[in-house]
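The tour below moves from one selection to the next and says what can be found at each stop.

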Amino acid sequence: MATTTEAPSNNEMAKNAFDLGAFVGDLGSIEDDAASDDVSLDGLDQELEECKNDDVVTNILSKGTKLRDHTKGVENNLRQVELDSIQDYIKESDNLVSLHEQIRDCDTILSQMETLLSGFQGEIGSISSDIKVLQEKSMDMGLKLKNRKAAESKLAKFVEDIIVPPRMVDIIVDGEVNEEYFRTLEILSKKLKFVEADQLIKGSKALKDVQPELEKLRQKAVTKVFDFTVQKLYALRKPKTNIQILQQSVLLKYKYVISFLKEHAKEVYIEVRAAYVDTMNKVLSAHFRAYIQALEKLQLDIATSSDLIGVETTRSTGLFSTARGPLKNKSAVFALGERIKILKDMDQPALIPHIAEAGSQKYPYEVLFRSLHKLLMDTATSEYLFCDDFFGEESIFYEIFAGPFAVVDEHFNSILPNCYDAIGLMLMIRIIHQHQLIMSRRRIPCLDSYLDKVNIALWPRFKMVFDLHLSSLRNANLKTLWEDDVHPHYVMRRYAEFTASLIHLNVEYGDGQLELNMERLRMAIDDLLMKLAKTFPKPKPQIVFLINNYDMTIAVLKEAGSEGGKIQLHFEELLKSNTSLFVEELLLEHFSDLIKFVKSRASEEPGSSTEKPITVAEVETIVKDFASRWKAAIELMHKDVITSFSNFLCGMEILRAALTQLLLYYTRLSDTIKKIVGGSALNKDLVSISSIMYEIRKYSRTF
């Protein structure tokens, strides 16, 4: 135990000795160096200063122990430790021998393991080669399987497409034509297409066995669906059949029949197509013919060839009456009136003739025209869409409607040459334009050429009737037209209503050709009106006649709307200029001396060097004459205006203009008198301006 306890102490000392040597070097060399006088101690103080913090050095220095003694103690401790280690090794020698034997045994075992693992490595390399071979075989088998599956799939499809199941044969041969029959037809169609699609299939032995059976089924199916389709088509010929409902609810359900025939029996399809075209052509032609005949019973005759603007009011009208009545009974010939409503009712259903006939209703031809073409549009739209859906071709529509178009054309061609209603013709032109817009919105082009043809037929007829009106004005018989009456002439009223109607119908269209024609008509009426005015012997009634006609024309144009344009402006200018002329004529009739004096002498200065200056005597008669009768003269003017002008408001405007002009003349007279020497003597006879103003206001209140 003492040895064991001391050993750590010696180890510590040995450690301390090792550490000291590291700092001060070998002790023997120190001793030798001390004995030598040549040893340099430079830097020792610095080294000692650096080592003063070392515990061992500090302990030695503090105890004053010599280094040599301390070194010997350390050596002794190390020697003792070495002896103790030898003793411990001797004690453990048996264990070391045992450990050596164990290590040798382990080495033998590891050598065996190495041999075994080397054998395993060789076997694994062999297995890897086998696995690679198996992998290649697996990939080859997978490819073969894929090819076999693809072949099986194609073969299965081939078998499925080429075989003829007994169930399909039963349905095609004995089944009723219904939805199941159509599904079976589709299967048969696929099989027929399949055997025709590939040249390789045509050479197969399976096809040689099946093809005769497929051909028999095709022929049976074609015969059966042909009979079925023709039967359905003949149902369209039954009276009172609603064709659109039958087409939509019955025929469209069987449209696959048409596709089947088109693909597998072209000649039979052509026969079915021809049967449908013939049936619908006859049915629709008969319907339109019956409808037109019914509409003709509802027609209200508006105008005849003698209903022209410039034709006198008494003339034979031909078939229906022996003489024409007054213009007011024939206003529809020239005035648009309620007829404009037809353009707002474009989407209304077509007339039902028997209902209208039961109510004893009659309509202008444009109403019947719109109704007929509304029915034509709706029928054509339905038939066009049906043909496109059922037959898959648009051209069949034009073959079907060749008959209906011919029926409508025949009717229209019989009506148009006898139509002298220019307003009605223009309404029909606008109706056709609206119908073209409707068909364009529907995106149905089937009536484009027909509507264009009708439009092209209407314009020349309108131009011809318009030229008849124009010629009636240019070639008018003044003797038969002239009436000893200054009120608006019936010819001018016809013109005003006719022009207002055409202007109103041209608002949204801006047809330059129509505007040019109306300008020609305006020039003709101007010329005729001036000729009629000159038949009055005196200027005043001529002017009154013109003013009344111009005023009436402007009023009619304004009633038609705010679109009178330059024609209205033209008549307003004429009215203004003739109003000024009438005012002068009216004032000259009652105040001629006053007006002559003012116009001839009032502008002269009293002191001017004229041969004959204005004197009091010269104006005294005028002043006294005016003062004595100006109120009575104004009253006569008022009565004259009231009786001369048809339009009270126009007359009052003219009267006010005349009184205002009179006031201006009298004011100039008064100013002239003030400048005359001795003119103040006439002040007592002068009428005050305020009195005249009061009188003017009194007549102004009669508005």
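Begin by selecting Arg237 and Asp278, whose side chains meet in a salt bridge with an N to O distance of 3.0 Å; bear in mind throughout that this is a predicted model. Arg237 lies in the loop between α10 (205-234) and α11 (243-249), while Asp278 belongs to helix α13 (residues 266-296), so the pair ties together parts that are 41 residues apart in sequence. Arg237 counts as partly exposed at 38% relative accessibility, and Asp278 is likewise partly exposed, at 32%.

Next, select Arg339 and Asp421, where a second salt bridge is found, with 2.4 Å from N to O. Here Arg339 lies in the loop between α13 and α14 (353-358) and Asp421 in the loop between α17 (402-415) and α18 (422-442), so the bridge ties together parts that are 82 residues apart in sequence.

In total, the structure holds 25 salt bridges.

Now turn to the aromatic side chains, for which the count comes to 24 aromatic pairs. Select Phe228 and Tyr254: the ring centres are 4.8 Å apart and the planes stand at 85°, so the pair is edge-to-face. Phe228 sits in helix α10 and Tyr254 in the loop between α11 and α12 (255-264), so that the pair links distant parts of the chain, 26 residues apart. Phe228 and Tyr254 are both buried.

Continue to Trp482 and Phe536, whose ring centres lie 5.6 Å apart with planes at 65°, so this pair too is edge-to-face. Trp482 is in the loop between α20 (478-481) and α21 (490-505), and Phe536 is in the loop between α22 (512-534) and α23 (539-559), 54 residues away in the chain. The two partners can be told apart by their accessibility: Trp482 is partly exposed, with a relative accessible area of 29%, whereas Phe536 counts as buried at 3%.

Select Arg430 with Tyr509, where the charged end of the arginine sits over the tyrosine ring, 4.0 Å from its centre; then select Arg461 with Tyr420, where the charged end of Arg461 sits over the ring at 4.8 Å from its centre.

Finally, show the whole chain as a cartoon, in which the secondary structure comes to 27 helices and zero strands. Of the 703 residues in the protein chain, 40% are buried. Among contacts with a separation of 6 or more, 79% are accounted for by residues 24 or more positions apart. If you switch to a surface view, the accessible surface comes to about 40,300 Å², of which 55% belongs to carbon and sulfur atoms.

Technical notes:
Residues numbered from 1 in each chain as written. Predicted model: local features only at pLDDT ≥ 70, side-chain atom pairs only at ≥ 80, totals over all residues. Heavy atoms only, no water. Helix = DSSP H or I, 4+ residues; strand = E, 2+ residues; numbered from the N terminus. Buried < 20%, exposed > 50% of the residue type's maximum accessible area, 1.4 Å probe, protein only. Contact = heavy atoms within 4.5 Å. Areas by Shrake-Rupley, 256 points an atom, 1.4 Å probe, with all protein chains shown as cover. Salt bridge = Lys/Arg side-chain N within 4 Å of Asp/Glu carboxyl O. Phe/Tyr/Trp six-rings, centres within 6.5 Å; stacked < 30°, edge-to-face > 60°. Lys NZ or Arg CZ within 6 Å of the ring centre and 35° of its normal.
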